[in-house]
Amino acid sequence: MPYLLDTSICVFFLRGKLDLDIIIKEKGRKNCYVSEITAFELRFGAENSTNPDKSHKAVDDFLNGLTIIPIYGCIRLYAQEKVRLRKMGTPMHDEFDLLIGLTAVENKLTLVTDNTRDFVNIATIKMENWFENKR
């Protein structure tokens with residue numbers, strides 16, 4: 001089964017709170033992807049850290065060998081889903097989360113996140129929380 005790793009899961013790994021490297025090995029590196037939005041967020045976090053050089057190196061090491069999926073393929077779905085959510089009265093206020101979630105839907109990937117409630121209203125999204133059992 002292929003997975004899209006949300007930023008929250010990647011941050012847990014980078015902070016040493018999740019053995020994501022072991023889980024990725026079990027699931028198969030070729031089955032684990034990140035959105036380019038997650039790469040943007042990880043880079044921002046690294047730059048904003050107390051030791052940007054060390055943090056950027058950690059991000060480099062983490063992203064090495066993972067496929068980064070562009071968001072371009074979900075543009076139409078983004079527009080449709082944003083309108084649908086607004087009409088339902090449940091708009092997503094975090095555009096990045098909406099784009100990450102729709103990247104998973106568009107590419108038929110299971111979103112791996114600790115923030116399932118942030119994505120629950122996206123139509124047809126499949127989610128798992130790999131951190132849930134590690135607390």
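These questions and answers cover a few helices and loops of a predicted model.

Q: Which residue caps the N-terminal end of helix H3?
A: Helix H3 covers residues 36-47. At its N-terminal end, a side-chain oxygen lies 3.0 Å from the backbone nitrogen of Ile37. The residue that supplies this oxygen is Ser35.

Q: What distance does H3 reach from its first C-alpha to its last?
A: H3 has 12 residues. At 1.5 Å a residue, the expected span is 16 Å, and the helix comes close to that value. From first C-alpha to last, H3 reaches 16 Å.

Q: Which residues of H3 are buried?
A: Elements that cover the buried part of H3 include strand S1 (3-5), helix H1 (7-14), strand S2 (32-35), helix H4 (52-63), strand S3 (67-69) and H6. A residue counts as buried when its relative accessible area is under 20%. In H3 these residues are Ile37, Thr38, Ala39, Leu42 and Ala46.

Q: Which residues of H6 meet H5?
A: The crossing of the two helices is right-handed. On the H5 side, the residues involved are Leu77, Tyr78, Glu81, Lys82 and Leu85. Their partners in H6 are Glu95, Leu98, Leu99, Leu102, Val105 and Glu106.

Q: Is Thr113 buried or exposed?
A: Thr113 sits in the loop between S4 and H7. Beyond four places away in sequence, Thr113 touches Asp6, Ser8, Ile9, Phe119, Met127, Glu128 and Asn129. Its relative accessibility is 0%, so Thr113 counts as buried.

Q: Which backbone nitrogen lies 2.9 Å from a polar side-chain atom of Thr113?
A: Thr113 belongs to the loop between S4 and H7. A polar atom of its side chain lies 2.9 Å from a backbone nitrogen, that of Asn115.

Q: What is the phi of Lys108 near?
A: Most residues other than glycine have a negative phi. Lys108, in the loop between helix H6 (95-106) and strand S4 (110-112), is exposed at 69% relative accessible area. Its phi is positive, near 55°.

Q: What is the phi of Thr124 near?
A: Thr124 is in the loop between helix H7 (116-119) and strand S5 (127-128). With a relative accessible area of 66%, Thr124 is exposed. Its phi is also a positive value in a residue other than glycine, near 65°.

Definitions and conventions:
Residues are numbered from 1 along each chain as its sequence is written. This is a predicted model: local features need pLDDT of at least 70, side-chain atom pairs count only at pLDDT 80 or more; totals for chains, interfaces and linings use all residues. Side-chain values use heavy atoms; hydrogens and water are left out. Helices (H or I, at least four residues) and strands (E, at least two) are DSSP runs, numbered from the N terminus. Buried means under 20% relative accessible area, exposed over 50%, partly exposed in between (1.4 Å probe, protein chains only). The expected span of a helix is 1.5 Å times one less than its number of residues. Contact means heavy atoms within 4.5 Å. A polar contact is a pair of N or O atoms within 3.5 Å; within protein, one must be able to donate a hydrogen and the other to accept it, and residues adjacent in sequence count only if both atoms are side-chain atoms. A crossing is left-handed if the near helix is turned anticlockwise from the far one by less than a right angle, and right-handed if clockwise.
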